[in-house]
Amino acid sequence: MLEDRRILKRLREGDGEAFCFVYEKYKDSLRTIAASMLHDACAAEDVLQDVFVAFAQKARQLHIKSSLRHYLITAVVNRVRDQYRRKQVHAVELDRVGPVCSRSGGPDSRIVADESARALAHALASIPFEQREVIVLHLKGALTFREIARMQNITLSTAHGRYRYGLKKLRTLLDGEFDDGS
(Lines give C-alpha, C1' and ligand atoms only; values in the text may rest on other atoms or scores of the structure.)
Protein backbone atom coordinates (compact mmCIF):
# COMPACT_ATOMS: atom_id res chain seq x y z
CA MET A 1 0.00 0.00 0.00
CA LEU A 2 2.92 2.32 0.73
CA GLU A 3 4.36 1.61 -2.71
CA ASP A 4 0.95 2.43 -4.24
CA ARG A 5 0.91 5.80 -2.47
CA ARG A 6 4.38 6.66 -3.78
CA ILE A 7 3.47 5.63 -7.30
CA LEU A 8 0.19 7.59 -7.18
CA LYS A 9 2.05 10.65 -5.96
CA ARG A 10 4.49 10.34 -8.85
CA LEU A 11 1.60 9.85 -11.29
CA ARG A 12 -0.16 12.98 -10.00
CA GLU A 13 3.09 14.85 -10.63
CA GLY A 14 3.08 13.66 -14.25
CA ASP A 15 5.95 11.16 -13.94
CA GLY A 16 5.90 9.07 -17.11
CA GLU A 17 8.26 6.48 -15.62
CA ALA A 18 5.72 5.81 -12.87
CA PHE A 19 3.08 5.11 -15.51
CA CYS A 20 5.45 2.73 -17.32
CA PHE A 21 6.19 0.99 -14.01
CA VAL A 22 2.47 0.48 -13.34
CA TYR A 23 1.89 -0.78 -16.87
CA GLU A 24 4.77 -3.27 -16.74
CA LYS A 25 3.81 -4.46 -13.27
CA TYR A 26 0.14 -5.16 -13.99
CA LYS A 27 -0.29 -5.66 -17.75
CA ASP A 28 0.14 -9.44 -17.81
CA SER A 29 -2.26 -10.22 -14.98
CA LEU A 30 -4.84 -7.74 -16.31
CA ARG A 31 -4.57 -9.19 -19.82
CA THR A 32 -5.01 -12.70 -18.41
CA ILE A 33 -8.16 -11.66 -16.57
CA ALA A 34 -9.62 -9.95 -19.63
CA ALA A 35 -8.75 -12.84 -21.95
CA SER A 36 -10.18 -15.39 -19.53
CA MET A 37 -13.46 -13.51 -19.36
CA LEU A 38 -13.72 -12.62 -23.05
CA HIS A 39 -12.08 -15.66 -24.65
CA ASP A 40 -10.64 -13.35 -27.27
CA ALA A 41 -7.00 -12.23 -27.13
CA CYS A 42 -7.59 -9.23 -29.42
CA ALA A 43 -10.54 -8.00 -27.37
CA ALA A 44 -8.46 -8.48 -24.20
CA GLU A 45 -5.71 -6.29 -25.69
CA ASP A 46 -8.31 -3.66 -26.55
CA VAL A 47 -9.65 -3.72 -22.99
CA LEU A 48 -6.12 -3.42 -21.58
CA GLN A 49 -5.36 -0.49 -23.85
CA ASP A 50 -8.64 1.26 -23.01
CA VAL A 51 -8.03 0.84 -19.28
CA PHE A 52 -4.49 2.23 -19.43
CA VAL A 53 -5.46 5.13 -21.70
CA ALA A 54 -8.21 6.11 -19.25
CA PHE A 55 -5.81 5.55 -16.35
CA ALA A 56 -3.22 7.84 -17.93
CA GLN A 57 -5.83 10.54 -18.57
CA LYS A 58 -7.05 10.42 -14.96
CA ALA A 59 -3.65 9.88 -13.30
CA ARG A 60 -3.34 13.45 -12.01
CA GLN A 61 -6.76 13.34 -10.29
CA LEU A 62 -6.72 9.78 -8.96
CA HIS A 63 -7.67 9.23 -5.35
CA ILE A 64 -7.66 5.48 -4.95
CA LYS A 65 -9.00 4.15 -1.65
CA SER A 66 -8.13 0.49 -2.26
CA SER A 67 -4.94 -0.90 -3.75
CA LEU A 68 -3.80 0.17 -7.20
CA ARG A 69 -4.00 -3.47 -8.32
CA HIS A 70 -7.62 -3.72 -7.16
CA TYR A 71 -8.47 -0.44 -8.88
CA LEU A 72 -7.03 -1.66 -12.19
CA ILE A 73 -8.73 -5.07 -11.94
CA THR A 74 -12.04 -3.30 -11.31
CA ALA A 75 -11.43 -1.10 -14.37
CA VAL A 76 -10.73 -4.17 -16.53
CA VAL A 77 -13.81 -6.01 -15.24
CA ASN A 78 -16.00 -2.96 -15.89
CA ARG A 79 -14.70 -2.68 -19.48
CA VAL A 80 -15.33 -6.39 -20.03
CA ARG A 81 -18.86 -6.02 -18.65
CA ASP A 82 -19.47 -3.07 -20.97
CA GLN A 83 -18.39 -5.12 -23.97
CA TYR A 84 -20.44 -8.06 -22.82
CA ARG A 85 -23.53 -5.89 -22.40
CA ARG A 86 -23.11 -4.39 -25.86
CA LYS A 87 -22.85 -7.92 -27.24
CA GLN A 88 -19.48 -7.12 -28.77
CA VAL A 89 -17.97 -10.24 -27.29
CA HIS A 90 -17.41 -12.68 -30.11
CA ALA A 91 -16.11 -16.16 -29.55
CA VAL A 92 -12.88 -16.83 -31.40
CA GLU A 93 -11.48 -20.18 -32.35
CA LEU A 94 -9.11 -21.06 -29.54
CA ASP A 95 -6.37 -21.82 -32.07
CA ARG A 96 -6.24 -18.08 -32.81
CA VAL A 97 -5.78 -17.13 -29.14
CA GLY A 98 -2.21 -18.39 -29.09
CA PRO A 99 -0.27 -21.27 -27.70
CA VAL A 100 -0.47 -22.38 -24.12
CA CYS A 101 2.96 -22.53 -22.55
CA SER A 102 3.88 -25.67 -20.72
CA ARG A 103 6.83 -26.13 -18.43
CA SER A 104 6.90 -29.85 -18.97
CA GLY A 105 9.47 -31.24 -21.31
CA GLY A 106 8.19 -33.38 -24.13
CA PRO A 107 5.82 -32.81 -27.04
CA ASP A 108 3.38 -35.42 -25.73
CA SER A 109 2.86 -33.55 -22.49
CA ARG A 110 2.57 -30.27 -24.40
CA ILE A 111 -0.19 -31.75 -26.59
CA VAL A 112 -2.06 -32.96 -23.51
CA ALA A 113 -1.64 -29.56 -21.83
CA ASP A 114 -2.88 -27.76 -24.96
CA GLU A 115 -5.92 -30.04 -25.22
CA SER A 116 -6.70 -29.56 -21.54
CA ALA A 117 -6.37 -25.79 -21.85
CA ARG A 118 -8.68 -25.76 -24.89
CA ALA A 119 -11.25 -27.89 -23.10
CA LEU A 120 -11.11 -25.65 -20.01
CA ALA A 121 -11.40 -22.45 -22.06
CA HIS A 122 -14.35 -23.88 -23.99
CA ALA A 123 -16.06 -25.02 -20.78
CA LEU A 124 -15.41 -21.64 -19.13
CA ALA A 125 -16.99 -19.88 -22.11
CA SER A 126 -20.06 -22.11 -21.72
CA ILE A 127 -20.98 -21.15 -18.16
CA PRO A 128 -22.97 -18.02 -17.26
CA PHE A 129 -20.98 -14.78 -17.36
CA GLU A 130 -21.56 -13.97 -13.67
CA GLN A 131 -20.12 -17.34 -12.61
CA ARG A 132 -17.21 -17.04 -15.04
CA GLU A 133 -16.43 -13.59 -13.69
CA VAL A 134 -16.24 -14.82 -10.07
CA ILE A 135 -14.09 -17.81 -11.03
CA VAL A 136 -11.66 -15.74 -13.10
CA LEU A 137 -11.39 -12.96 -10.52
CA HIS A 138 -10.77 -15.44 -7.73
CA LEU A 139 -8.37 -17.77 -9.54
CA LYS A 140 -6.62 -15.44 -12.01
CA GLY A 141 -7.05 -12.13 -10.21
CA ALA A 142 -6.38 -13.52 -6.73
CA LEU A 143 -9.25 -11.48 -5.32
CA THR A 144 -11.03 -12.59 -2.18
CA PHE A 145 -14.73 -13.38 -2.31
CA ARG A 146 -15.37 -10.28 -0.21
CA GLU A 147 -13.59 -8.11 -2.81
CA ILE A 148 -15.51 -9.80 -5.62
CA ALA A 149 -18.81 -9.30 -3.80
CA ARG A 150 -18.08 -5.59 -3.40
CA MET A 151 -16.99 -5.30 -7.03
CA GLN A 152 -20.15 -7.02 -8.31
CA ASN A 153 -22.39 -5.35 -5.74
CA ILE A 154 -23.66 -8.70 -4.47
CA THR A 155 -23.66 -10.46 -1.11
CA LEU A 156 -20.72 -12.55 0.01
CA SER A 157 -22.86 -15.69 -0.05
CA THR A 158 -23.90 -14.94 -3.65
CA ALA A 159 -20.24 -14.65 -4.65
CA HIS A 160 -19.52 -17.99 -2.96
CA GLY A 161 -22.55 -19.54 -4.64
CA ARG A 162 -21.61 -18.29 -8.11
CA TYR A 163 -18.13 -19.72 -7.63
CA ARG A 164 -19.38 -23.04 -6.33
CA TYR A 165 -22.04 -23.46 -9.04
CA GLY A 166 -19.62 -22.32 -11.73
CA LEU A 167 -17.03 -24.88 -10.67
CA LYS A 168 -19.70 -27.57 -10.56
CA LYS A 169 -20.76 -26.73 -14.11
CA LEU A 170 -17.12 -26.71 -15.24
CA ARG A 171 -16.58 -30.15 -13.73
CA THR A 172 -19.70 -31.47 -15.44
CA LEU A 173 -18.67 -30.01 -18.80
CA LEU A 174 -15.11 -31.26 -18.48
CA ASP A 175 -16.16 -34.72 -17.34
CA GLY A 176 -18.33 -34.94 -20.46
CA GLU A 177 -15.43 -33.71 -22.62
CA PHE A 178 -13.08 -36.43 -21.44
CA ASP A 179 -15.64 -39.21 -21.10
CA ASP A 180 -14.91 -41.56 -23.97
CA GLY A 181 -17.88 -43.80 -23.22
CA SER A 182 -15.89 -46.77 -21.93
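Two residues are said to be in contact when heavy atoms of theirs lie within 4.5 Å, and helices here are DSSP runs (H or I, at least four residues), numbered from the N terminus. The model on your screen is predicted, so local features are reported only at pLDDT of at least 70 and side-chain atom pairs only at pLDDT 80 or more, while totals for chains, interfaces and linings use all residues. Residues are numbered from 1 along each chain as its sequence is written, and side-chain values use heavy atoms, with hydrogens and water left out.

**Confidence**

Begin by colouring the chain by pLDDT, which is the predictor's confidence in each residue, from 0 to 100. The mean for the chain is 82, and 81% of its residues reach 70 or more. Now select residues 88–104, where the pLDDT is below 50 and where the model has 19 contacts beyond near neighbours in sequence.

**Helix 4**

Next, select helix 4, residues 68–85.

Leaving out residues up to four places away in sequence, His-70 touches Leu-143, Glu-147 and Met-151.

**The core**

From here, move to the largest nonpolar core, where a nonpolar core is a set of buried Ala, Val, Leu, Ile, Met, Phe, Trp, Tyr and Cys residues joined through side-chain atoms within 4.5 Å. This core has 44 residues, of which Val-22, Leu-68 and Leu-72 touch the most other members. Helix 2 gives the largest share, 8 residues. If you display Val-22 with its contacts, apart from neighbours within four places in sequence, you will find Ile-7, Leu-11, Phe-52, Phe-55, Leu-68 and Leu-72.

**Helix 6**

Select residues 129–139, which form helix 6; because 8 of its 11 residues are buried, this helix is largely enclosed by the rest of the structure. Its buried residues include Phe-129, Arg-132, Glu-133 and Leu-137.

**Two loops**

Asp-40 is buried, at 14% relative accessibility, and its side chain reaches the backbone nitrogen of Cys-42 at 3.0 Å. His-39 sits in this loop as well; it is buried, with a relative accessible area of 11%, and its phi is near 60°, a positive value in a residue other than glycine.

For another positive phi, turn to Ala-142, which is not a glycine and has a value of about 55°. Ala-142 lies in the loop between helix 6 and helix 7, and at 53% relative accessibility it counts as exposed.

**Cysteines**

Finally, select Cys-20, which is partly exposed at 47% relative accessibility, and then Cys-42, which is exposed with a relative accessible area of 54%. How many disulfides does a search of the whole structure find? The search finds 0, a disulfide being a pair of cysteine sulfur atoms within 2.5 Å.

Notes. Buried means under 20% relative accessible area, exposed over 50%, partly exposed in between (1.4 Å probe, protein chains only). A polar contact is a pair of N or O atoms within 3.5 Å; within protein, one must be able to donate a hydrogen and the other to accept it, and residues adjacent in sequence count only if both atoms are side-chain atoms.
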